[in-house]
Amino acid sequence: MRVTESVILFIYLIVMTLIGIYFYKRARQSESDYFTAGRSINTFVGSFAAFAAVASSSSLMGAVGGGVANGLPFFLTYAFGVIAIFPFAMFLIAGQIRRSGVKTVPDFFYQRYGKSVQIVSALVVVIGMTFYMIPQLTASGIIGSYVLGIDYTTAVIVLGLGFTLYAALGGMWAITYTDLLQGAIMLIGILLLAGFILVDHGGLSNLLNSALAASPTFGDVNLPWMSYFGLFIAFLWFGIVSPSVVMRNFASRDEKIARRSAMGATILYILLFLAGFVVTGAGAALDVIGSLENTDMVFVSVIEHYLPPILGGIMLAGIMAAIMSSADAMLLAISAGVAHDIYKKHINKNASERFVTGLGLMVMIVASVIGIIFAIHPPGIIAVMVGWVGGFLLSSFGFPLVLGIWWKRANKTGALVGMLSGAVTFLILVMTQVLPTNAEPIVAAPVSLLLTMIVSVMTEAPPKEIQDRVDFYHGMSEETH
Amino acid sequence: MKRSKVKDPGIILTIVLAVYAALVFIWWPADVYLGGISLVGWLMFIGLFFWVLIGVIYVIWIEKLDQQQ
């Protein structure tokens with residue numbers, strides 16, 4: 001057990017739980033408070049919250065580990081995709097979906113297409129986000145067992161329940177404010193680490209030379225082209241297809257704040273990746289990849305080598321922050337999918353707001369327990385699992401959502417067929433493994449696009465009221481409903 | 001006032017983003033090296049700053065359009 005690091009990690013967990021308890025009363029006031037923090041978040045807090053929701057275990061540990069194992073161009077592909085997440089989402093959906101006034105992504109599908117599309121989308125959200133908890137829990141288990149000196153299974157259970165507690169208690173309020181803190185810890189931690197590395201090596205140029213001397217293929221493109229392209233596409237779309245990220249827009253005060261928060265998050269994200277660039281170089285220079293059980297542990301080796309224990313503890317808390325701040329947003333998306341989109345909308349329309357938020361709280365705990373059970377024996381490495389979820393959501397959601405905002409002619413039947421065909425094609429490709437890993441959406445997403453368009457054109461156009469709503473999303477008319 | 005969706009800043013900048021990404025992935029100069037790192041990597045590195053730039057352009061542009069409206 002590493003005592004200093006453990007103490008810092010323990011203090012960090014206590015603070016997060018206290019934030020959850022502090023916001024408990026406010027969050028339970030209404031559904032709007034629990035799922036969207038009362039739509040009151042400003043640009044500064046919103047930027048950190050959006051940044052922290054996207055920056056996950058894969059951004060920090062996965063990108064650096066992948067970069068050291070597969071070369072710097074692999075790390076840069078990761079960065080090339082993720083830095084584009086917020087600009088791309090801003091260009092296509094951020095302001096418009098905030099203007100629609102909905103609380104969840106399936107809510108948007110209900111407003112634009114109707115009940116059947118909403119139910120399918122709620123199921124996709126619940127399945128996709130529950131599966132997405134697994135890599136986050138895996139990462140927390142790896143870090144927890146390393147720092148606390150306990151076995152992996154215990155670490156997954158303890159830390160998994162730890163972040164579930166504050167998220168379930170305080171809903172979007174607690175998640176947003178813990179994300180502000182977690183985003184700051186993550187960024188300060190990695191910038192400090194990069195500073196220590198650069199001072200140690202006497203600058204970036206010397207660091208890259210050391211990395212190339214230790215690992216001569218570090219600068220090479222070592223994988224097939226399709227792996228890089230698939231990775232880029234899956235990340236690029238993440239801000240559009242991942243409900244855990246899209247829900248941040250709903251919490252913003254208005255569409256202008258939603259866009260500015262996305263911009264702020266992009267600037268924070270590029271700082272994270274520039275520091276990550278340095279950490280990747282240091283990981284290659286250390287030449288430890290062959291001796292590690294898991295490539296994701298390179299990051300931890302770099303921390304151990306370059307930082308004194310107290311700063312190392314802060315950086316490890318930063319990694320935990322990255323994991324928790326993404327996992328809590330996923331839990332909220334699952335909770336909203338079951339309590340708001342399925343129960344309140346279709347099972348008991350007269351349910352009180354207090355009951356729905358209570359149900360949301362219970363759903364988070366159940367989803368977390370399911371995630372923990374799977375994470376004890378994870379089905380793949382972190383980067384691959386993350387790629388699967390991103391690909392699944394893109395293949396099913398991506399085009400019905402974007403077309404719903406931009407194309408008046410997109411209708412219910414088209415969206416339903418597009419969503420189901422994309423999801424089924426993706427699952428078949430994963431099971432048959434005819435394409436390289438994580439390249440599945442390159443085929444499945446265009447299938448969804450084509451079928452959404454073809455079926456929409458072949459069937460009846462949406463009613464005028466719905467078509468007017470598309471103008472409203474773009475601020476071209478007043479509210480129509 | 002109606003604005004054409006084709007001239008929307010979001011659509012125009014999506015095309016700009018797609019053109020740069022296409023340049024990198026179609027050209028794919030994997031065997032050209034600068035400072036020991038493949039040019040593919042450096043093109044992506046430049047792309048990071050380009051993404052931030054077009055993001056800032058979008059926010060300013062759309063807010064100006066909203067004001068005019």
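Axes are lines fitted to C-alpha atoms, for helices over the stretch in contact, and angles between N-to-C directions run from 0 to 180 degrees. Helices (H or I, at least four residues) and strands (E, at least two) are DSSP runs, numbered from the N terminus. The model is predicted: local features need pLDDT of at least 70, side-chain atom pairs count only at pLDDT 80 or more, and totals for chains, interfaces and linings use all residues. Residues are numbered from 1 along each chain as its sequence is written, and chains are lettered from A and ligands numbered from 1 in the order in which they are written.

**View 1. Helices α9(A) and α17(A) of chain A.** The axes of α9(A) (residues 152–201) and α17(A) (residues 353–376) come within 9 Å and cross at roughly 165 degrees. That makes the two helices roughly antiparallel (an angle over 145 degrees; under 35 is roughly parallel, 65 to 115 roughly perpendicular, the rest oblique). Their crossing is right-handed; this means that the near helix is turned clockwise from the far one by less than a right angle, and left-handed means anticlockwise. Residues in contact (C-beta atoms, placed from the backbone, within 7 Å) include G160(A) and G171(A) of α9(A), and L361(A) and G371(A) of α17(A). The residues of this contact divide into eleven nonpolar, seven polar and no charged. Ala, Val, Leu, Ile, Met, Phe, Trp, Tyr, Cys and Pro count as nonpolar, Asp, Glu, Lys and Arg as charged, and the others, Gly among them, as polar.

**View 2. Helices α9(A) and α16(A) of chain A.** The axes of α9(A) and α16(A) (residues 309–347) come within 7 Å and cross at roughly 145 degrees. Here α9(A) passes α16(A) in a left-handed crossing. The contact residues comprise 20 nonpolar, eight polar and two charged.

**View 3. The side of chain A that touches chain B.** Chain A gives 34 residues to the contact and chain B gives 32. On the side of chain A, the elements with two or more residues are α5 (72–82), α6 (85–99), α10 (204–214), α11 (225–236) and α14 (255–286). The largest share, eight residues, comes from α14(A). This side of chain A has 24 nonpolar, six polar and four charged residues. The model scores ipTM 0.95 and pTM 0.87.

**View 4. The fold of chain A.** Chain A has 21 helices and zero strands. Its radius of gyration, taken over C-alpha atoms, is 22 Å, close to the 23 Å that the globule rule gives for 481 residues, so chain A is as compact as a globular protein of that length. The globule rule is 2.2 Å times the number of residues to the power 0.38.

Terms used:
Two residues are in contact if their C-beta atoms, placed from the backbone, lie within 7 Å.
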